[in-house]
Amino acid sequence: MVENNKVCGILKIVFGAVMIATALIGYIPLGPVYWVEMTMISNLLGGGLLLIDGILNLQDKSIPAFLTLTVCSGLTMVLLFCLITLATPNPFNFGGIFFFLHVINPILMLISYVFLCKERAERTFPYILTAAIFTALYGVFDFIVGHIRGFFVYGFFMPDDLSLAAAAIVEAVVIIIMILIGLVLFKLNRKAHKNYQ
């Protein structure tokens, strides 16, 4: 655990810069059709949050911790989902820069939230619900864009095969998973900062 704000700030700035740089290096050559993938958006958003928070830490300030929690939860889901695909016939891309985007960067975000971000001691369970915000909004975004383009980002379903009711059920399941991930991350943060008041 790192308690010094200056050290935390420098680490967050470095982690954020790595996340943004690797997202741009990985996705700019692929073209705009791929720029809506959760991997790119979450890496850019996470990197941006870490850069801003790192700069604020150097001035003994910080962004609200729930912002880091919600993006960290989303990137943790990216990491877990990508690792799960290794057991399938069509695993996600882990080659080259995508090893950073799918593995290293989510771990950097995880380290940042658990060890470099101090949650306030009085946080209670309703706060954990914020962990689902980013991923839930991405699900709505993918549903809308998918119906406009005629295909969803990851192609697990086709728009014509996924009714609004079915999409709501999928979204509810994802939200529950995200809340559970957020709860685990929050508990890890509290354990890492158990002496912090």
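Start with the surface display: the protein chain exposes about 10,100 Å², and carbon and sulfur atoms supply 75% of it. Such areas come from the Shrake-Rupley method with a 1.4 Å probe, and for residues only the protein chains shown count as cover. Before going further, note that this is a predicted model, where local features need pLDDT of at least 70, side-chain atom pairs count only at pLDDT 80 or more, and totals for chains, interfaces and linings use all residues. Residues are numbered from 1 along each chain as its sequence is written, and side-chain values use heavy atoms, with hydrogens and water left out.

Now switch to cartoon. You'll find seven helices and zero strands; helices (H or I, at least four residues) and strands (E, at least two) are DSSP runs, numbered from the N terminus. The C-alpha trace spans about 50 × 35 × 30 Å along its principal axes.

Next, select Leu69, Met109, Tyr113, Tyr127 and Leu185. Within the largest nonpolar core, which has 27 residues, these touch the most other members. A nonpolar core is a set of buried Ala, Val, Leu, Ile, Met, Phe, Trp, Tyr and Cys residues joined through side-chain atoms within 4.5 Å. Buried means under 20% relative accessible area, exposed over 50%, and partly exposed in between (1.4 Å probe, protein chains only). The largest share of this core, six residues, comes from helix H7.

Zoom in on Leu185. Which residues is Leu185 in contact with, leaving aside its neighbours within four places in sequence? They are Leu69, Cys72, Ser73, Thr76, Leu110, Tyr113 and Val114, where contact means heavy atoms within 4.5 Å.

Then pick Val78, Phe92, Phe134 and Tyr138, which belong to a second, separate core of eight residues.

Last stop: Pro64, in the loop between helix H2 (38-57) and helix H3 (65-85). Pro64 counts as partly exposed because its relative accessible area is 42%.
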